[in-house]
Amino acid sequence: MTTTTPSPTAAGSGANASEAFRASSERRGPAATSQERTDRVVRRVLEAIHQVVREEEVTYPEFQAAKRWLMDVGEGGEWPLFLDVFVEHEIEKVAARTQRGTVGTIEGPYYLPGQTRLPAVATLPMRADEKGDKLVFSGQVRDLDGHPLPGAEIDFWQADADGYYSGFAPHLPDGNLRAVVVADDQGRFEISSIKPAPYQIPTDGPTGALISAAGWHPWRPAHLHLMVRADGHRQITTQLYFTGGEWLDDDVATATKDELVLDPTPTAEGWAVEYDFVLERA
Ligand code: MBD
Ligand code: FE
């Protein structure tokens, strides 16, 4: 392994995203679902588990180990992490069946709403000595017919060069490398930031314990997170990756897509790349 990112601890890196999730799910409102739907979906999930138990002849000691692990995930606040890494990609693929325009991918556990709003040409809030190569990310937000969407919002968040997200890592200032950038009257934006590093799921929590017990790896390729929204249009949640990056073809969260890989060019300052977003009508 050539990556030099330090191993984030569960406590230090935001494995506990439960509180942020509770706040955001309250904001998003209750799930509109019926008794019939609950019966059908939950029954099928349980049937799938029963089938694995029968076919794999799962033992009592294994069942008790699973119970202990499930309790640890909850107590460690890692349900958002675990579910977003191992399940969200399929939910997103189903949602994507009816979505046109820019390709989406999973949100993950580290989005925080209500960040600083910045004008179209903006530098993300960062520390004076923020590590990492400079990255200028620019583009335009348009509709499906190619018309610019003035005032579109790019709600942007990323890890730092060590793989930590502000709001989830006590050593980082609130709002570091997060902002809502408001595009200009041509839907254009230019965001100055740094190139993030690959992200490692904390290895010392229950999700990390499972990954190591199963002999998997805990890495995600380096990525930027964005939500792009404009009045009257369907919001897109996506991530952008970097060509040639480690783990691009083996993301633990199964969230890469070919359309989402950037190919930045070197500049005197660091790197620059353009990416345009296309939103469909709501
Ligand atoms: C991340 O940074 C992330 O984007 C996802 C999807 C899961 C865990 C950590
Ligand atoms: Fe992430």
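User: Where does Glu-57 sit?
Analyst: Glu-57 is in the loop between α3 (35-56) and α4 (60-75). Bear in mind that this is a predicted model.

User: And what's its phi, for Glu-57?
Analyst: Phi of Glu-57 is near 50 degrees, so a positive value in a residue that isn't glycine. For background, most residues other than glycine have a negative phi.

User: Is Glu-57 buried or exposed?
Analyst: Exposed: the relative accessible area of Glu-57 is 65%, and the cut-off for that label is over 50%.

User: What about Thr-254, which isn't a glycine: what does phi look like there?
Analyst: Thr-254 has a positive phi too, about 50 degrees. Thr-254 is in the loop between β10 (236-242) and β11 (261-262).

User: How would you class Thr-254, buried, partly exposed or exposed?
Analyst: Partly exposed, because its relative accessible area is 44%, which falls between the 20% and 50% cut-offs.

User: Ok, on to the metal. Which residues coordinate the iron ion (ligand 2)?
Analyst: Tyr-165 through OH, His-223 through NE2 and His-225 through NE2, at 1.9 to 2.1 Å.

User: What spacing do those donors follow along the chain?
Analyst: The pattern for the iron ion (ligand 2) is Y-x57-H-x1-H.

User: Are those histidines buried or exposed?
Analyst: Buried. His-223 has 3% relative accessibility, and His-225 has 3% as well. Both count as buried because the cut-off is under 20%.

User: And the tyrosine, where is Tyr-165?
Analyst: Tyr-165 is found in the loop between β4 and β5 (178-182). Tyr-165 counts as buried, at 1% relative accessibility.

User: Next, ligand 1. Which residues surround it?
Analyst: The shell around ligand 1 is Leu-81, Val-85, Ile-106, Gly-108, Pro-109, Tyr-110, Tyr-165, Tyr-199, Arg-220, His-223 and His-225. Tyr-165, His-223 and His-225 are the residues that coordinate the iron ion (ligand 2).

User: Which elements each supply at least two residues of that shell around ligand 1?
Analyst: α5 (79-86) and β9 (223-229) do.

User: What polar side-chain atoms lie by the oxygen atoms of ligand 1?
Analyst: Tyr-165 has a polar side-chain atom 2.9 Å from an oxygen atom of ligand 1. For Arg-220, an N or O atom in the side chain is 2.8 Å from an oxygen atom of the ligand. A polar side-chain atom of His-225 lies 2.9 Å from an oxygen atom of ligand 1.

User: How much of ligand 1 does the protein bury?
Analyst: 100%. Taken alone, ligand 1 exposes 260 Å², and the protein buries 100% of that.

User: So where does ligand 1 sit?
Analyst: In the largest cavity.

User: Changing topic: where's Asp-155, and what does its side chain contact?
Analyst: Asp-155 is in strand β4 (residues 153-158). Its side chain is joined to that of Arg-229 by a polar contact of 3.0 Å. Asp-155 counts as buried, at 2% relative accessibility.

User: And Glu-90, which helix is that in?
Analyst: Helix α6 (residues 88-96). Glu-90 is partly exposed, with a relative accessible area of 40%.

User: What does the side chain of Glu-90 make a polar contact with?
Analyst: The side chain of Lys-93, at 2.8 Å.

User: How far from Glu-90 is Arg-281 in space?
Analyst: 24 Å, C-alpha to C-alpha, and the two are 191 residues apart in sequence.

Definitions and conventions. Residues numbered from 1 in each chain as written. Chains lettered and ligands numbered in written order. Predicted model: local features only at pLDDT ≥ 70, side-chain atom pairs only at ≥ 80, totals over all residues. Heavy atoms only, no water. Donors = N, O, S within 2.8 Å, 3.2 Å for Na, K, Ca; no water. Buried < 20%, exposed > 50% of the residue type's maximum accessible area, 1.4 Å probe, protein only. Near = heavy atom within 4 Å. Polar contact = N/O pair within 3.5 Å; in protein donor to acceptor, adjacent residues only side chain to side chain. Areas by Shrake-Rupley, 256 points an atom, 1.4 Å probe, with all protein chains shown as cover. 1 Å grid on protein atoms, 1.4 Å probe; cavity = no way out; pocket = protein on both sides within 12 Å on 5 of 7 lines; lining within 4 Å. Sits in = over half its atoms within 2 Å of the grid points. Helix = DSSP H or I, 4+ residues; strand = E, 2+ residues; numbered from the N terminus.
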